[in-house]
Amino acid sequence: MLTRELLNYRVARGAVKFEFYREDDPVASGVAGAMTEAWKRAHAGGWSRGELEEHLEPVLKGSRKPLVAAGMLKLMFDGSDWCLPDAGIDYPAARSRLFVAAGAARRESGGDYARFRQLLEADPECRRLLESGVYPDLPENERMTGFSIGDPGELIRRYNLGMVQALLLYSRKLELEVSGAAPADLRRLCRAVKFFRLLAAIGRKGDGVTLTIEGPLAIFGEVRKYGLQLASFFPAAVRLKQWRIVAAVKPRDRELNLTLDQESGLVSHYRHDGAYVPEEIALFAEHFKKKAPEWRIVEAAPFISAPPELIFPDFCFSRKGDKRKIALELFHRWHATALAGRLAWLDQHPEADLILGIDRALLPDGEITQLETRHPQLAGRLFAFRDFPGVDRVRKILTSM
């Protein structure tokens, strides 16, 4: 993710204006070509991070757009995997042994450097550390094991998208309008919202939907983590054919407006739909199928109308041989406001086939008892969880409804 120092935009009448680069832009394509070629050579040749940085220094210093070059370099490093020359060695402990051995060898050698070196190299571990430069675990000595951005065009597309993602880290609110999307595309988008655990309200607008998503500047606690998740969600929206975002962002001392749509030419690098399933949710689904064979999980979970909102549940269940569908919605630590609204709606619509799982971080004592006392008609339809919901608890609630 691009940092604040690498943000690249201008402001006109309080609105953010980006300069997105075409793949045939001579400056951008020149920088991107030099970087992707260097990455391929570094991976094939076993270069260290430091050697790669040194190789690219002339590209950075000689670029007509140094901010663009620095941003692309950051994305290339972020998209690469690195490891130490020998990850199995405890380097701090090895250095400590080397320094102790060096002290003893210095006293014994009496100032004879050849003798000093001989004494140290007599210990295989000391010799190996000396041969690797004593500090092989510093970042500049890491070796590349893989990278994800393979050609100049892809790097330019990632950079264009990355400029917007970096600015969303400083957003207060984002409204996403989607029109003309098939139901499957809308469900896919909502799965992405759930996957990144965003605080979002979904509503109808004409033939489409509007998602109002709270930004990191509007929540309390773990702001950086939430901001990264919002930024990571953005490419899922860009995949749609017709989309428009309006966001309030404050990267520095004043709030700015950001408006973009599909005409911006942004291209998402997200491809695999199955990626929008958190590991703990996939684990729950697997265990549920084994422990509750009388129930099935409805794959195409329907929206629940809760004017002015639409509810997209995390799960939808149906007893085998029964057409009735019961939805499950999960509320995580950022969802306190949304939880209050959902409880109020359920109080007015107790007939809704909806059960709620609530992160213990949202409960004063970590238990559901106080909440059930305040909402007695919802008793038996609420449960607390940590990390992911318990299969036995969900099965018991479903059976009782």
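Is aspartate 392 buried, partly exposed or exposed? At 47% relative accessibility, aspartate 392 counts as partly exposed, a value computed, like the others in this report, from a predicted model.

Lysine 291 is itself partly exposed, its relative accessible area being 39%.

**Pairs within a helix**

Glutamate 121 pairs with arginine 117, with 2.8 Å between their closest N and O atoms; both residues lie in helix H5 (residues 113–121), where a spacing of 4 residues separates them by about one helical turn. Glutamate 121 is partly exposed, at a relative accessible area of 30%, and arginine 117 is likewise partly exposed, at 29%.

In helix H8 (residues 183–195), arginine 188 and aspartate 185 are 3 residues apart, and they too are separated by about one helical turn. Their closest N and O atoms stand 2.6 Å apart in the salt bridge that they form, and aspartate 185 counts as partly exposed, with a relative accessibility of 28%. Side chains of opposite charge can pair when their charged atoms come close.

| Salt bridge | Closest N and O atoms |
|---|---|
| Glutamate 121 and arginine 117 | 2.8 Å |
| Arginine 188 and aspartate 185 | 2.6 Å |

**The whole structure and a linked network**

Elsewhere, a network of salt bridges links Lys194, Glu309, Asp314, Glu329 and Arg342.

**Arginine 158**

Arginine 158 is located in helix H7 (residues 152–168). Its relative accessibility is 19%, and arginine 158 therefore counts as buried, because the cut-off for that class is under 20%. When its neighbours within four places in sequence are left aside, arginine 158 is in contact with Leu75, Ser148, Ile149 and His269.

Notes: Residues numbered from 1 in each chain as written. Predicted model: local features only at pLDDT ≥ 70, side-chain atom pairs only at ≥ 80, totals over all residues. Heavy atoms only, no water. Salt bridge = Lys/Arg side-chain N within 4 Å of Asp/Glu carboxyl O. Helix = DSSP H or I, 4+ residues; strand = E, 2+ residues; numbered from the N terminus. Buried < 20%, exposed > 50% of the residue type's maximum accessible area, 1.4 Å probe, protein only. Contact = heavy atoms within 4.5 Å.
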